[in-house]
Amino acid sequence: MVPNSSLPRDADNLLMLAAQSMFDVFARSAQGMMVVDREHRIVWISEGYKQFLPALGFESEDSFVGRRVEDVVPNTLMAQVIETGRPILVDLLSNQAGTFLVSRLPLRGAAGEVIGAIGLVLMDHPESTMQPLMAKFARLKNELEDAHRQLAAQRRAKHTIASFIGNSAAALEAKRQARRVAQGNSTVLLLGETGTGKELLAHAIHAASARATMPFVGINIAAVPETLLEAEFFGVAPGAYTGADRKGREGKFKLADGGTLFLDEIGDMPLSLQSKLLRVLQEQELEPLGSNQMLKVDVRVIAATSRDLAAMVGNGQFRADLYYRLNVVPIRLPTLRERTADFEALAEALLEDIARRSSMAHRELSPEALELLAAQPWPGNIRELRNVLEQASMMSDELRLMPSHFAGMVSVPLGADAAAAARLESDQTLQQAAPRPLPEQIEMLERQAIAAALAHTQGNKVAAAKLLQISRAKLYDKLARDN
Ligand SMILES: Nc1ncnc2c1ncn2[C@@H]1O[C@H](COP(=O)(O)OP(=O)(O)OP(=O)(O)O)[C@@H](O)[C@H]1O
Ligand SMILES: [Mg+2]
């Protein structure tokens with residue numbers, strides 16, 4: 001800058017004058033202005049500010065000045081500005097007096113220490129003068145609320161105990177236990193082969209519990225890379241990492257606070273994390289990555305696995321202490337083979353669901369087809385049954401499914417069931433269905449391939465993914481589509 005001889009030579013003096021005149025300009029032209037001291041006490045208000053006193057519940061300046069600002073101006077952030085020393089240049093303040101565009105600046109003493117703050121009401125009723133901006137603000141707020149509602153709805157359990165079909169002794173026993181544990185808060189362990197309904201029952205227990213209105217959060221341990229699991233579980237404190245995670249992230253435990261956390265495929269939990277999980281289960285508190293503060297959480301845990309946890313404890317793959325902690329209330333889900341009494345009801349419910357979710361008409365099973373299907377071993381249990389029914393429905397336009405519609409999908413039994421086999425052979429009434437849309441056919445083929453791979457590996461998903469040469473994550477993704 002070129003020095004100008006007409007200005008005072010003393011820069012400090014100039015600054016003082018500038019500060020003084022700025023203060024005066026703001027005090028006169030802003031709608032209102034206040035000065036607050038280090039203890040948050042109001043020491044001065046401008047003439048303009050007096051117009052807000054009645055709406056804040058004060059008759060005179062005398063009764064207002066001298067009070068702590070947070071006691072007399074609802075929602076003010078002046079205290080925060082004093083405590084942090086950081087200004088809030090533009091903000092919207094809403095309270096019973098209206099909505100205001102405000103600005104808050106810290107005041108500093110000679111040594112730079114905060115000695116108070118100035119608050120400015122730049123504009124009142126910004127909703128009329130700043131219409132476009134306010135409309136945008138209101139719209140964004142609505143969108144955010146919608147998103148929150150949708151998220152909450154998604155987290156709410158999808159199934160109830162009544163949607164667990166079956167009245168066989170084994171199914172009733174599983175449902176009875178589910179109802180009983182739903183009353184309390186204890187950790188639940190769901191055991192059963194692949195496709196027996198563990199995830200469905202986890203949702204159902206949550207829905208029947210006092211936590212039903214709180215979130216249900218699931219995490220599939222086998223589907224998350226080992227290196228990311230800890231952050232997924234416990235979250236990351238802000239600033240712990242640089243880059244995308246700089247702001248920190250909430251872990252599943254925190255997201256499930258007040259509700260239920262479903263730990264699917266608990267048998268795939270790496271040993272190193274097992275001890276940390278045990279601690280959270282015992283203490284109900286956790287430490288996010290990069291934080292040194294313990295976080296209290298109130299979460300009911302439901303764990304599930306199709307693996308033999310007791311055997312894994314035996315050969316050192318699973319911690320005994322965690323196993324005992326999880327195994328307080330085990331519920332074993334029966335295989336489809338163990339509850340043939342439920343076969344018809346299950347098939348009927350599945351066909352109904354298939355029709356509801358697709359564009360196809362509702363099919364029914366002929367007695368012969370029912371007999372044929374009920375005699376199958378079903379290593380993939382209800383998921384496999386569902387796939388086979390869906391596939392048969394797609395292959396034919398007929399509303400009544402005959403044994404021939406299942407040719408190639410199930411094995412035809414020998415001996416006593418020769419009659420069914422003969423029927424299958426002679427059932428030549430099969431009409432060629434009009435081809436289904438290509439995406440549907442591709443999806444069906446995928447399901448079929450996955451069901452076959454799972455059957456081949458007795459439900460071991462890691463092995464099935466290997467057979468299919470796809471990643472574990474992809475396999476879980478595709479399995480998740482049936483729910
Ligand atoms: N009792 C049941 N009544 C109706 N549908 C069921 C029942 N059990 C399971 N299903 C259906 O079967 C499919 C598989 O169930 P689910 O995903 O709960 O099995 P899972 O035990 O978690 O299997 P996995 O170990 O492979 O994850 C889902 O589509 C589910 O809705
Ligand atoms: Mg599952």
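A polar contact is a pair of N or O atoms within 3.5 Å; inside a protein, one atom must be able to donate a hydrogen and the other to accept it, and residues adjacent in sequence count only if both atoms are side-chain atoms. A backbone N or O atom of G195 sits 2.9 Å from an oxygen atom of ligand 1. This is a predicted model, so local features need pLDDT of at least 70 and side-chain atom pairs count only at pLDDT 80 or more, while totals for chains, interfaces and linings use all residues. As for bookkeeping, residues are numbered from 1 along each chain as its sequence is written, chains are lettered from A and ligands numbered from 1 in the order in which they are written, and side-chain values use heavy atoms, with hydrogens and water left out.

For T194, a side-chain N or O atom is 2.5 Å from an oxygen atom of ligand 1. For K198, a polar side-chain atom comes to 2.7 Å from an oxygen atom of ligand 1. On its own, ligand 1 has 630 Å² of accessible area, and the protein covers 95% of it (areas come from the Shrake-Rupley method with a 1.4 Å probe, and for residues only the protein chains shown count as cover).

How many residues surround ligand 1? There are 19 of them, and the closest are T194, G195, K198, R383 and K461; a residue counts as near if one of its heavy atoms lies within 4 Å of the molecule. By type, this shell splits into 5 nonpolar, 6 polar and 8 charged residues. Here Ala, Val, Leu, Ile, Met, Phe, Trp, Tyr, Cys and Pro are nonpolar, Asp, Glu, Lys and Arg are charged, and the others, Gly among them, are polar. Both α9 (198-208) and α17 (381-395) supply at least two residues of the shell, and α9 gives the most, with 3 residues. Such helices (H or I, at least four residues) and strands (E, at least two) are DSSP runs, numbered from the N terminus.

L200 counts as partly exposed because its relative accessibility is 24%; the cut-offs are under 20% for buried, over 50% for exposed and in between for partly exposed (1.4 Å probe, protein chains only). L200 and T160 are 40 residues apart in sequence, yet their C-alpha atoms are 8.2 Å apart.

Next come the aromatic rings. Rings of Phe, Tyr and Trp (its six-membered ring) pair if their centres lie within 6.5 Å, with planes under 30 degrees apart called stacked, over 60 edge-to-face and the rest tilted. The count comes to 11 aromatic pairs. One of them, F233 with F234, is tilted, at 5.7 Å centre to centre and 40 degrees between the planes. F233 is buried because its relative accessibility is 0%, and F234, at 7%, is buried too. F343 and W378 make another tilted pair, at 6.1 Å and 35 degrees. This pair links distant parts of the chain, 35 residues apart: F343 is in helix α15 (343-357), and W378 is in the loop between α16 (367-374) and α17. Both F343 and W378 are buried. Elsewhere, ring pairs link Y49, F52, F58, F64 and F100 into a cluster.

F233 turns up again in the largest nonpolar core, which has 31 residues. A nonpolar core is a set of buried Ala, Val, Leu, Ile, Met, Phe, Trp, Tyr and Cys residues joined through side-chain atoms within 4.5 Å. F233, F253, L261, L263, I266, L277 and F318 touch the most other members. Elements giving two or more residues to this core include β7 (216-220), α10 (226-234), β8 (260-264) and α12 (271-283), and α12 gives the most, with 5 residues.

Finally, the backbone. Most residues other than glycine have a negative phi. Q284, in the loop between α12 and β9 (285-286), has a positive phi near 55 degrees. Q458, in the loop between α19 (438-456) and α20 (461-468), also has a positive phi, about 50 degrees. Which of the cut-off classes does Q458 fall into, buried or exposed? Q458 counts as exposed because its relative accessibility is 69%, whereas Q284, at 24%, is partly exposed.
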